[in-house]
2 protein chains.
Amino acid sequence: MTLEELDTPTLLLDEDIMRRNIKRLQDKLDLHSVQLRPHLKTCKSLQIAKQIKPVGPDASITVSTIAEAEYFFEGGYGDILYAVSATPHKLIRLKKLQDRGAQITLILDHIEGAKQIADAAIKLNTSFPCLIEIDCDGKRAGIKADDDALLPLATFINDQNGVSLAGVMTHSGGSYAANDIAAIKQVAIDEKIGITTAASRIREAGLPCPIVSVGSTPTATFADDFKGITEVRAGVYVFQDLVMEALNVCEKSDIAISVLSTVISHNKTHNRLLLDAGSLALSADPGKVNEMGNKHFGQICHAKTGKPIDNLYISSMNQEHGLISLDGLEYQLDDFPIGSQVRILPNHACITAAAYNEYQLLSSPSSVDGTYERCNGW
Amino acid sequence: MTLEELDTPTLLLDEDIMRRNIKRLQDKLDLHSVQLRPHLKTCKSLQIAKQIKPVGPDASITVSTIAEAEYFFEGGYGDILYAVSATPHKLIRLKKLQDRGAQITLILDHIEGAKQIADAAIKLNTSFPCLIEIDCDGKRAGIKADDDALLPLATFINDQNGVSLAGVMTHSGGSYAANDIAAIKQVAIDEKIGITTAASRIREAGLPCPIVSVGSTPTATFADDFKGITEVRAGVYVFQDLVMEALNVCEKSDIAISVLSTVISHNKTHNRLLLDAGSLALSADPGKVNEMGNKHFGQICHAKTGKPIDNLYISSMNQEHGLISLDGLEYQLDDFPIGSQVRILPNHACITAAAYNEYQLLSSPSSVDGTYERCNGW
């Protein structure tokens, strides 16, 4: 099927680029002899997951929703980390996966949450291995490695029925706020110091800490030293996006997904192009400013080649309209004829992809051949 | 089912509030003897649409995607305005609806687009009634009422096979940028002047202009004069949201949908609550700043009563985490126990709702009874 035969907006996947991204990180982690526990919240697709890591009862993955846990277990992945603090009600569905043979690991960062999980697990007549979430950058969740609450929490999890201590994990969301590679490398150093400090404190207290898990695409890409770390979680590296490009984690040519859209009109009065991809098709995630210092909602590329068009971005959006101002640019409206198509590189791949139920697979630069499914929702 | 038995995040709908919103606008439009052509891009639900307007072959509605056109036609609505400039490829699916008896009206705002639509319709052996989109505020699409291109476009549509001239329409997106009711009233006046000027010019040229269609929830709410206007389109008024509240279009107590979420942890170091509703569950749409002058991603409410909690908003988000900073507020972390639930009022109802496949229907303040479906995608 040619691109012109597709209904727009739709989500394209260039598997050659994706495979290159997958191989690049895998090669690096192999070199450092550290395991990858891929975060499948980005792709949410079994056909893609299998290209990252073969299925199997011991194949370790990371998920962000119970729906993903069910979907990927059904697809053959047996070792699943649910990387959002769980609540008692969520254990009901997870217990059903355990009953079918899944190894489900939870994360905890608060004694009260741990008590609730333990109580609920006991009521369900089961037990969950748990990682303690460590806060290395103040950006999201977790407790600090030097927090007085760490050892009481670890001891509780170790001693209490319903939960068992499987190690520590952290997410370096702070890397998304870095301004250059040196800053990301520093975040990676802080991440390593934080997580290994936490692991050491737990072990010195005579408690087990077999898993030491770190994760974020920027730190996984630029970290130089994984000593003391047993696994790396990363997700967006599979597709990459404009946030990663702004962080120098990738080039635009490394971005594997794009939204195919049609030019639906020209607005001469305001020198604007109108596309049929708006905030539902692209997401309202503002990402990072572009090279012109402006907020935008995606980089415009030639539909047939996928090549970015210099300085051309979605300027603003309505629900089903994307607007591109040509003010200050060297382009004319007629350079983008009404009815012609463009591709749009996303600011944030995880969020843009979530608007679609499937990926259209590019088989040549200007045609598609088949689809991969996605598992959305909760 | 009680709220505690629901998996979170999930989307709640308070039908009592929704019905009050529906009745309020309907009563106003009845008073002014102007027809409502509801925009169903917000609710995307047949069960809700039927509460706005009964189905029937002549029942007029507005949609923003071809998927909505198919879904609502299947449900019994016969007179459908597709309110995004169409492209030739999209006519293929619309022709199938025509063949089953649907009246499909398109919008056009450019002679080149009109030529493409006419050619494609002729090839499909059909014809589409078309409205010319008028730009009253410079915010999105359309041509100005005094544009030299208006009459040539109207003449072309009138004379050409494949298309016929059914009137004019405009969308006053500019009302979203208004700062007070007086400003919205002025946008409504500009909207009326623009659209009736365009209609007059077309009629004075001896061309037909039976439909004169305006639309936006703010202008529909505050317009005082609909003389010369034949129909009003509005969508978000059915649910309302925090953008509408910031515009004084509604009160927070008029917002009919909310996201039910669970407190998953406390972060003492940063005095933050963590919820299981992040940018997928709420959307990254920043809306308008809150009463404290801050950007936010939703108003926190008591789960059981739905009552807003003063000054408590989602401060930042990750994909599946919502963070609430308590800095500067009178609340303590323990006021919101881990494992307890909250409701979150959305910034932008249309975009937040699109993350869900269904609505959970509140049957009492703290329980639900049944679901309504949604038609997402394209």
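Let me begin with a definition: a patch is made of residues with over 30% relative accessible area and no salt bridge, where like charges are joined within 9 Å and nonpolar side chains (Val, Leu, Ile, Met, Phe, Trp, Tyr) within 5 Å. For the charges, Lys and Arg count as positive and Asp and Glu as negative, while His and the chain ends are not counted. Each charge is placed at NZ of Lys, CZ of Arg, CG of Asp or CD of Glu.

Hi everyone, a word on the model itself. It is a predicted one, in which local features need pLDDT of at least 70 and side-chain atom pairs count only at pLDDT 80 or more, while totals for chains, interfaces and linings use all residues. Residues are numbered from 1 along each chain as its sequence is written, chains are lettered from A and ligands numbered from 1 in the order in which they are written, and side-chain values use heavy atoms, with hydrogens and water left out.

Now to the patch. A:E112, A:D119, B:D334 and B:D335 together form a negative surface patch. A:E112 sits in helix α5 of chain A, residues 111-123; helices (H or I, at least four residues) and strands (E, at least two) are DSSP runs, numbered from the N terminus. Its relative accessible area is 32%, so A:E112 is partly exposed. On that scale, buried means under 20%, exposed means over 50%, and partly exposed is in between (1.4 Å probe, protein chains only). The areas come from the Shrake-Rupley method.

How are the two chains related? Chain B is superposed on chain A by a rotation of 180° with 0.0 Å of shift along its axis, at an RMSD of 0.0 Å. The two copies are thus related as by a two-fold rotation axis. In chain B, the C-alpha nearest that axis belongs to B:A284, 2.7 Å away.

Next, salt bridges: a side-chain nitrogen of Lys or Arg within 4 Å of a carboxyl oxygen of Asp or Glu. B:K304 lies in the loop between β12 (299-302) and β13 (308-313) of chain B and B:E4 in the segment before β1 (10-13), so the pair ties together parts 300 residues apart in sequence. Both ends are partly exposed, B:K304 at 48% and B:E4 at 39%.

Are B:R37 and its partner buried or exposed? B:R37 forms a salt bridge with B:D79, with the closest N and O atoms 3.2 Å apart. B:R37 is buried at 3% relative accessibility, and B:D79 is buried too, at 15%. Another salt bridge, between B:E133 and B:R140, spans 3.8 Å from N to O. There, B:E133 is buried at 2% and B:R140 at 11%. Finally, A:D7, B:E70 and B:R93 are linked in a network of salt bridges.

I'll end with the backbone. Most residues other than glycine have a negative phi, and most peptide bonds are trans. Here, a cis peptide bond joins A:T8 and A:P9, with omega about 0°, and the bond from B:T8 to B:P9 is cis as well, with omega near -5°. B:K44 is not a glycine, yet has a positive phi of about 45°. B:K44 is buried, with a relative accessible area of 1%.

Key
Accessible areas come from the Shrake-Rupley method with a 1.4 Å probe; for residues, only the protein chains shown count as cover. Copies are superposed by least squares on the C-alpha atoms of residues with pLDDT of at least 70 in both.
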